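Hi everyone, thanks for coming along. Today I'd like to walk you through how the parts of one structure meet each other.

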Amino acid sequence: MPGGMDLKNEVFQSSTCALCGACLDWCPYIANMEDHLVMRFDCNVGEGRCYAVCPRTYADWQAIGDRYLPDTPRNIEIGPYFNVFRVKAAAGIKGQQDGGTVSNLVKTIMEDELAQAVLLTGSEDHVTPEPFLAVDIDDIEKAAGSRFLASPGLRKIIEAQANKVQKLAVVGRPCQIQALRKMDFNRRPDKPPLDLITIGLFCMWSLGWDFNEYLQKNFPGEKILSLGIPQHGFVVKTDKGEHILPLDEVKKFNKAGCGYCLDMTSELADISVGAFEAEKGWNTVIVRSAKGQELLDKAVEKDYLICADYPEEELNRLKGASIGKKNRNLNNIQAAFDKGVKPFIDLNSEMYAQVRKLAEGMVK
Amino acid sequence: MEWMITADEPGRTYLMQGNEAIARGALEAGIRFAAAYPGSPSSEILAMLGHVAEKMDLYAEWSTNETCALEACLGASFARVRSLCIMKQNGLLVVGDALHSASLSGVKGGLVLVVADDPSAHSSTNEFDSRHQARSAGLPMLEPANMQEAKDMVKWGYELSEQLQQLVMVRTVTRINHGRSSVSLGELPKEKPDPVTIGEWDRMVAINWFKDAQIAKIDQAKSIFETSPFNEYKGPEEPDMIIVTCGTGWLYSSEAVEALGLRDRIGILKIGTTYPLPEDFIVKHLLKTKKVLVIEEVDPFLEQNIAGIIAYHPELQVELLGRYGGKAMPRNGELNPDIVRNTLARLTGTAFTGPETAVIPPEEAVALPARELTFCAGCPHRASFFLLKQTLRIQEGQGVVMGDIGCYTMGGQRAGHYLYNFLCCMGGGINAAEGMGQLTRFGFKQPVLALAGDSTFFHSCLPGLVNAKYHDSNMLFVVLDNSATAMTGFQPHPGIGQTAMGKAAEPISIKKVAEAIGCPVTVADPFDISGTTSKVYDLLKQPGLKVLILKQECATLVVRKREKPRVWVDQELCRGDDCGCGRFCSRIWGCPGNIWDYEAGKAKIDEVVCVGCGVCISLCPAGAIKMEGGGACG
Amino acid sequence: MGKELVKDPLNIIICGVGGQGNILATELLASALVEKGYFTTVGETYGASQRGGSVMSHVRISAANEYGVLIPLGQADIIVSFEPTDTLRVARDYANKSTLILTDSRPNYPLGVLIGEAVYPSMEAIETELKKLSREVMIIEATRMAVEAGNSQATNILLMGSLTALPQVPLTAEDYDKVMEQRFKGEALELNRKVFKIGYEHINR
């Protein structure tokens, strides 16, 4: 397994980094400020954990899927799953958006002590993300709302290990769920396996932190209360009112590394949660493992969540969106490889050929 | 040592450092005023005079820069008070305008300017030869060849200065300033004259009207030098060759002549008054020979002045050899007894047989690790350079860093992660940054940083800061404030709150000065690596001039003041060679206190050199470095 | 005037790493020699002394006349060193087959070794080469002895004790004690006297 300088050359310098944070804090060479993630000093370690855990270095994702979701029916569009539901909270949690599903799943984890800590992402200014380890139900509120800026939240894994957290729950973006799986898949034989519950979020892209500067420049003196994409356009709520930015304007701030992501729905998570486009107030939930189903069942049992059937039409739309992302980014990846970026997936595999085929069919 | 330079024991011989001898000479001359800016190898002189000032009834100050020092001495001289001004060769260049002007106005009370050159630039950025300035300014100059002469010349310098009503320069070199030898003490004056009243029509004015007077003074100096006891010839009456030498060259030459058994063939003409040269005296002796070798430190200054004399005296039929052209002697670099002896052996065809030495074939020689200069254990500069380097890497904007002169000049080397892109002279960093910072108007996008120490800030950065502010340059000016002039041995400066005489003074706040100029100022602790990194990161994003003061006291001072905490490595926690950090603490942080326990394959603290700053604790990814006890940091 | 020297001039080099106190030790040695009436000159390189560089003092002792402050290559009669690799570095330049070497065995790691780019050689290898370069090599665990006696900072004076005990050096312990008395007071004087004696007796036992 290669080391830090390889990561620097293959990932940092080719801007494929997804800012998942998996390489941070274990290693003293890799430093982060806002969305910059660099080698601050040259590393001389030939083989590195950083390289082994990175979602943008080569991995056999099929083998990883087979390891962690062995019995789950395969699906080319949205990854392995048992079931897809419409879910919403029975009662609200302050600050939540959409269906409040994630907050209630986390609450269930904490009440039933399914994990000793939950890795969440909060934001004091409602813009810049701050990952933290929640150990208390009161902490959940701090994480309510959507984060749009990329955050290297997985750095907190090191803090959790230092605090002797045996069972950890993680709410993360697809790249982070991938990194967590890789972290365990490539762990040294003398290390114990990670005991995780993973709640994956749907993610089309993350924004670079220069978007924050853009907001400050465009809405000077205004205190931002929330960001969101309720239906159409990017809504910035401030103490002075509501501003709607065209999505295309916002997308200019997309993190370059997000353009190499083939996963919209956190395909390796125990349970994935995202928006339900057809009706406000609901979430889409994809159950991928027995652990995920168990968690959802518990939350429903507690009357925290209401679970309903998922309309066929919506499922097709979801799959279409996922294939769309995959296809777009396959093209980016192809272009990057052509420019000399070291291949981190096997573009010739049967799976990607199918993705292209499905995407073609969609266009027709 | 203070007790030695003030000892009232005429005729007593002590081992004295050259700098002690100079201070003693000034005390024997009855100075009441001394001013200097520190610089190796001259710094000990004023430090000692400051310590004895009260006892010896004189005033001594560490001036803010060399121009302040020289002009302060001119003020004292105007009131007929004898004064001593001290600087190193770089300082003499700072003071160039004042020097050339003062030679026109002349002086009233004796004024001796001691300039210490640093051949081979042991602790300098260059080995500039100060003697050119004496000639250029038209000032008489003396060059001591040993410590006794250093004392005697400084003392006599005052008589000469008052006789000529002119400033007298004494040029020394590192081996005189920092060497030690026997010095026989003279008498200390019982009384010193008080300053005179300056009358309404008294003048000390430097304008070109006085050029003729200045020339007359240098001519008079020449005739005085013709009979000076500081010049002497020793050797046969018809030598094969005469060595003309000054300063350290004299003893090297004598030793070489002895070692080669050439006493009957070679004469040595020692010159102590190297500008203006005693022309008649030199001609008289050079007529004895056909070959002249000039041995002197740094430039062929004496040599080319002698070449001038030869050109004006057709009766001299001599071949002149020396450093000029680099044929007989190396063109640059410090002299030593081997260079002088080997040159003499070659020119005279004599063989030298020294003691028998072993020759170790290269393949049998033990490979020795080079002893690079580095920051001391616990030095705040190490932390500053570490965090600046990492911020520039994180910022990904390829910042350009303009360095300056002080301990932190080492930041341009490995100790500072090779941070500097630019290095010139004291105050050079901020001005170069100002210039580059103006290029944003042409699309230049890189962040520009200038670094300077606290002493350098006062010495030469103030006009630069005003300039940068007034013209609103896009740059970050970082003051590395370690509350010391550490490079040269901890002389107080205006930010410290203490004078050369050990008196309390109101310290001048760098922060307030910069704020008064209108700069936004951030003060941060370099030991808080991550917190200060964020601050620097944020500052680099802002346009215009920003000032950042990285404040943490010099470790060498801290260790004298507080109880040292114990820092150690919990080797159970240290990841060691086995997994992971690649010896980050010792390899990257590079503090002499962080060493490697090769047997255990783990990190270790060298508790003898560690001063307990504790910064490495925050850098260890495994949390293996621990601290207990001790007083709080700065 | 002091007694006749075994060699005139007698050349002694005292070396180590900046901050180890060799300048002070040398100054005391030379002062004691001046007090005995010898022409004594000392050449010192410092300025870099606070910052981990090699520091070397040349002491030249003569009953006849003053010498320049630097010892010619290959002409050191005695080398006293506070650091083994510096001992070897200096010995390569200044030792001859009659030179006597006194060295502390405690390494002071240079930057290159700390960062793992260079290797610090073994004491055995250093000693083997030193023996080839000189007449005699005496390795003294001066730092260890000074730490045991109370303070590593006193290593310099301990080695001066050992140096003074050598028959070639025209000083007695009392001569050195006189200058220590001039310079130190109270606890510092007591500590320096104690370690001087340890160093002296280490040679003279």
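Before we start, one term: two residues are in contact when their C-beta atoms, placed from the backbone, lie within 7 Å. Also keep in mind that this is a predicted model.

Let's begin inside chain B. How many residues of domain 3 of chain B are in contact with domain 4 of chain B? Nine are, and they meet 10 residues of domain 4 of chain B. On the domain 3 side, H15 and helix H20 (555-561) of chain B are the elements giving two or more residues. That side has eight nonpolar residues, one charged residue and no polar ones.

Now let's look between chains. Here, 14 residues of chain B touch 12 residues of chain A. Three helices of chain B each bring at least two residues to its side of this meeting: H15 (380-395), H19 (529-541) and H21 (584-589). Which of them gives the largest share? That's H15(B), with four residues. Sorted by class, chain B's side here has seven nonpolar, five polar and two charged residues.

And what about chain C? Two pairs of chains touch, and the pair with the most contacts is B and C. Chains A and C, on the other hand, do not touch, and their nearest C-alpha atoms are 10 Å apart.

Conventions. Residues are numbered from 1 along each chain as its sequence is written. Chains are lettered from A and ligands numbered from 1 in the order in which they are written. This is a predicted model: local features need pLDDT of at least 70, side-chain atom pairs count only at pLDDT 80 or more; totals for chains, interfaces and linings use all residues. Ala, Val, Leu, Ile, Met, Phe, Trp, Tyr, Cys and Pro count as nonpolar, Asp, Glu, Lys and Arg as charged, and the others, Gly among them, as polar.
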